[in-house]
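Morning, everyone. Please bring the structure up on your screens. I'll walk you through it step by step.

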Amino acid sequence: MSGSNDNTLDRGDLLVRIGGVIFAVGAVATLITFIPLFAGTEPFPTAAYAVSMLMGLGFAVAACGLLRSVAQQRRRDRATAAAVQPMAAAQSVAP
């Protein structure tokens, strides 16, 4: 976790977790929709196949969360570098 407190989640981390749950629901729905194909029974209604699309949506949400975390970490690193740079310049000038 990239938050200052171990109990807090950054927004990007939260999106990754939510995306993982949505992906898992879609993956289970995909597996369930294949059962009639192997059992030789009537296929499920179209709504069951629409739930399978959650797998792609979950992947997209998790990817957005990952990109958001990367951007936040880069901003944090730039702020740290900007704070350290004047201190390093002051130390190099002092005898």
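Start with the contacts. Take those in the chain between residues at least 6 apart in sequence: 63% of them join residues at least 24 apart. Keep in mind that this is a predicted model.

How confident is the predictor? The mean pLDDT of the chain is 83. Of the residues, 80% reach 70 or more. Among the elements, helix α1, residues 11-39, has the highest mean, at 92. Helix α3, residues 54-93, has the lowest, at 84.

Now the layout. How many helices and strands does the chain have? There are three helices and zero strands. Along the sequence that reads α-α-α. The chain has 95 residues, and buried ones make up 16% of them.

Next, helix α1. Let's check its length. It has 29 residues, and at 1.5 Å a residue it should span 42 Å. The end C-alpha atoms are 43 Å apart, so the two values agree. Which residues of α1 are buried? They are Gly 12, Asp 13, Gly 19, Gly 26, Ala 29, Thr 30, Thr 33 and Pro 36. A reminder on helices: an α-helix has 3.6 residues a turn, so residues three or four places apart point the same way. After α1 comes Gly 40, with a positive phi near 75°.

Asp 13 sits in α1. Is Asp 13 buried or exposed? Its relative accessibility is 18%, so Asp 13 counts as buried; the cut-off is under 20%. Now find Gly 65. Asp 13 and Gly 65 are 52 residues apart in sequence, yet their C-alpha atoms are 6.2 Å apart in space.

Stay with Asp 13 and turn to Ser 69. Ser 69 belongs to helix α3. What does Ser 69 touch, beyond its neighbours within four places in sequence? Ser 69 is in contact with Gly 12 and Asp 13. Ser 69 counts as buried too, because its relative accessibility is 16%.

On to charges. The count comes to one salt bridge. Asp 10 forms it with Arg 76, and the closest N and O atoms are 3.8 Å apart. The pair links distant parts of the chain, 66 residues apart. Asp 10 is in the segment before α1, and Arg 76 is in helix α3. How covered are the two partners? Asp 10 has a relative accessible area of 11%, so Asp 10 is buried. Arg 76 has 30%, so Arg 76 is partly exposed.

Last stop: the surface. Which residues form a nonpolar patch there? Val 28, Ile 32, Ile 35, Phe 44 and Tyr 49 do. Together they have about 420 Å² of accessible area. The largest share of the patch, three residues, comes from α1. Tyr 49 lies in helix α2, residues 46-52.

To recap: three helices, one salt bridge, and a nonpolar patch on the surface. Over to you for questions.

Key. Residues are numbered from 1 along each chain as its sequence is written. This is a predicted model: local features need pLDDT of at least 70, side-chain atom pairs count only at pLDDT 80 or more; totals for chains, interfaces and linings use all residues. Side-chain values use heavy atoms; hydrogens and water are left out. pLDDT is the predictor's confidence in each residue, from 0 to 100. Helices (H or I, at least four residues) and strands (E, at least two) are DSSP runs, numbered from the N terminus. Patches are made of residues with over 30% relative accessible area and no salt bridge: like charges are joined within 9 Å, nonpolar side chains (Val, Leu, Ile, Met, Phe, Trp, Tyr) within 5 Å. Accessible areas come from the Shrake-Rupley method with a 1.4 Å probe; for residues, only the protein chains shown count as cover. A salt bridge is a side-chain nitrogen of Lys or Arg within 4 Å of a carboxyl oxygen of Asp or Glu. Buried means under 20% relative accessible area, exposed over 50%, partly exposed in between (1.4 Å probe, protein chains only). The expected span of a helix is 1.5 Å times one less than its number of residues. Contact means heavy atoms within 4.5 Å.
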